[in-house]
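The sequence and the model come first.

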Amino acid sequence: ITTVKNYFAKVTGDVEPDRQVMLGNHRDAWVYGATNPHSGTIVLLEVAKGLGNMLKYGWKPRRSIVFAFWDAEEAGLIGSVEFVEQYAQSLKNQLVAYVNIDNYQGDALRVLGSASLAQVARDAAAGVKDPSGQNGTALEFWQSKSTTGKDVLPTLVGSGSDYTGFYHHLGVPVLDLSFRLQNGKTY
């Protein structure tokens, strides 16, 4: 038996401080963790660093942004699901969306999540250069792999990562963003 420890950081919103967008990643790994989860941890820390630089120059987010680092994901989503269960009512009232940032190891954009966040995902992908070099943007790569053409939608989430509690227990819109190998394999 061991203690599960989650860690959080928060940037308070300027207009709607009680409304939150949460970005999260787990800290534990099955083996060495270089790909899963630490590639996601690097992305999450770089986002925090970028927002920190913007704050220095007077930028403030509309809503609060919470960074979450979950424990015991590999052991059954324990850290995030227990958090969701413990704080369910305040999360239902305050959380606008949860963005899972977990596994980055290739150049093929993979977007899972709620259809209600499709336009947000498309807009963000349009601003990212396609790392494979095959297309102009990550959105164009995503569209090239889609059967629905330009109006690409996130693939619906099932379970298996820290978005599970937010989506399935609370009904909070989620995105699970990653870059994977083009052959679809994880490792």
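F166 is buried, at a relative accessible area of 0%; buried means under 20%, exposed over 50% and partly exposed in between, with a 1.4 Å probe and protein chains only. The model is predicted, so local features need pLDDT of at least 70 and side-chain atom pairs count only at pLDDT 80 or more, while totals for chains, interfaces and linings use all residues. Residues are numbered from 1 along each chain as its sequence is written, and side-chain values use heavy atoms, with hydrogens and water left out.

**Aromatic pairs**

Rings of Phe, Tyr and Trp (its six-membered ring) pair if their centres lie within 6.5 Å; planes under 30 degrees apart count as stacked, over 60 as edge-to-face and the rest as tilted. The count by this rule is six aromatic pairs. Two of them are given below.

| Pair | Centre distance | Plane angle | Class |
|---|---|---|---|
| W70 and F83 | 5.2 Å | 55 degrees | tilted |
| Y98 and F166 | 4.3 Å | 10 degrees | stacked |

Helices (H or I, at least four residues) and strands (E, at least two) are DSSP runs, numbered from the N terminus. Because Y98 lies in strand β4 (residues 95-104) and F166 in helix α6 (residues 163-170), their pair ties together parts that are 68 residues apart in sequence. Y98 is buried at 0% relative accessibility. W70 belongs to strand β3 (residues 63-70) and F83 to helix α2 (residues 78-86), so this pair joins parts 13 residues apart in sequence. W70 is buried at 0% relative accessible area, and F83 counts as buried at 13%.

**Helix α1**

Helix α1 (residues 38-56) has 19 residues and should span 27 Å at 1.5 Å a residue; its end C-alpha atoms are 27 Å apart, which agrees. The expected span is 1.5 Å times one less than the number of residues. The buried residues of α1 are S39, G40, T41, L44 and L51. They pack against β2 (16-26), β3 and β4, where contact means heavy atoms within 4.5 Å. Just after α1, G58 has a positive phi of about 95 degrees.

**Largest pocket**

On a 1 Å grid over the protein atoms alone, a pocket is an open set of points where a 1.4 Å probe fits, with protein on both sides within 12 Å along at least five of seven lines; lining residues have an atom within 4 Å of a point. The largest pocket has 22 lining residues, and V99, I101, A124, L175 and L177 lie nearest its centre. Among the elements giving two or more residues to this lining are β2, α1 and β4.
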